[in-house]
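Let's take a walk through this one together. Have the viewer open and follow along.

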Amino acid sequence: MLDQLTLSDVVIDAAREVFETMIFMDIETPSDAQPAVTGQAITGSIHFKSKSDSDLVIDGKSMLGSITFKGMLEGCLTISVGQSCAECIAKNMLGMEPDEPLAINDVCDAIGEVSNMVMGSIKTRIQDIYTDIEVSIPSVVTGCEMHNSLGENVSKVVASAWLDEQEAIEFTFLYREAAS
Amino acid sequence: MAKSLMIVDDSATMRKIIMRTVRMSGLEFDRTEEAGNGKEALDKLQGDPVDIVLCDINMPEMSGSEMVKEARKLDCCKETKIVMVSTESGQDMIDGLMADGANGYITKPFTPEKFQEKLTPLMN
């Protein structure tokens, strides 16, 4: 069984692999972040944020890519970014110039694919422990101040980071071990 | 000798990304086709077969694994090389796909170098 601190590293490492390989953007986590674990052994949360990173928030219209998984471990991964950041990610993936127009459907599609790839990379990293994880097709929604939840007895890892030292991005991994 | 390529993925964005990455790899194709799922791919292949198919696994209507099985029943696809491109990375699943007739496997996220490494032997 993975603990939450390890899982947080897994989420960030998976995201870093995807962003550096296919989106050509660097992910920087707050250097002085101190994880705060709350709740019980199974139900808790980690937020990688620190006082000096008070600017690391996603304001205004944003996009939330989410993908669920089931098996020995079940839950949901979400990726939250601001609208402009989402467009930047999509244009980098497609090799477009910053000022080229891009349809909203393409941006949604790109954020869905990012969610899919990050979840796939997470699955690869934990499949020695959780051998039977099945992943859904990703979905993307737009809105403001979006939050996700998955009922009770769920653990939560939240990893906030900077993309190319400019844009805030947040990865939330909600999970629980399936009853044996 | 120039070859033909088909990219099968339900995401139009991912099809563009794969196409871009193939170009960056330096591999040259004289004809490229796209399909949004396995069924659409089989329909197109029966009308006009290609040398290499790059195929996602999780797709609506007909998955990549179903497509491989069906393609191997068709005379027109006997020489077609099918390479799966997916985030799925379980060895059992990869072994199953290869047993069903896939010729290779590329895991997302991918690089141009990975496409070159996997596709070059299949193009000769």
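What follows looks at a helix, a strand residue and some aromatic rings. Keep in mind that this is a predicted model.

Start with helix 5 of chain B, which covers residues 112–123. Its 12 residues reach 16 Å from the first C-alpha to the last, close to the 16 Å expected at 1.5 Å a residue. Which residues of helix 5 of chain B are buried? They are Pro112(B), Phe115(B), Leu119(B), Leu122(B) and Met123(B). Look down the helix axis and these buried residues fall within an arc of 100°, so they line one face of helix 5 of chain B. In general, an α-helix has 3.6 residues a turn, so residues three or four places apart point the same way. Over on the other side of helix 5 of chain B, Glu113(B) and Pro121(B) are exposed. The buried residues pack against several elements of chain B, including helix 1 (12–24), strand 1 (3–8) and strand 4 (81–86).

Now hop over to chain A, where Thr172(A) sits in strand 9 (residues 167–177). Thr172(A) is buried, with a relative accessible area of 4%. Leaving out residues up to four places away in sequence, Thr172(A) touches Cys76(A), Leu77(A), Thr78(A), Asn148(A), Lys156(A), Val157(A) and Val158(A).

On to the rings: the whole structure holds 4 aromatic pairs over all chains. One of them joins Phe173(A) and Tyr175(A), tilted, at 5.7 Å centre to centre with 40° between the planes. Phe173(A) is buried at 0% relative accessible area, and Tyr175(A) is buried at 7%. Back in chain B, the rings of Phe110(B) and Phe115(B) have centres 4.9 Å apart and planes at 85°, so this pair is edge-to-face.

Key
Residues are numbered from 1 along each chain as its sequence is written. Chains are lettered from A and ligands numbered from 1 in the order in which they are written. This is a predicted model: local features need pLDDT of at least 70, side-chain atom pairs count only at pLDDT 80 or more; totals for chains, interfaces and linings use all residues. Side-chain values use heavy atoms; hydrogens and water are left out. Helices (H or I, at least four residues) and strands (E, at least two) are DSSP runs, numbered from the N terminus. The expected span of a helix is 1.5 Å times one less than its number of residues. Buried means under 20% relative accessible area, exposed over 50%, partly exposed in between (1.4 Å probe, protein chains only). The arc is that of the directions from the helix axis to the C-beta atoms. Contact means heavy atoms within 4.5 Å. Rings of Phe, Tyr and Trp (its six-membered ring) pair if their centres lie within 6.5 Å; planes under 30 degrees apart count as stacked, over 60 as edge-to-face and the rest as tilted.
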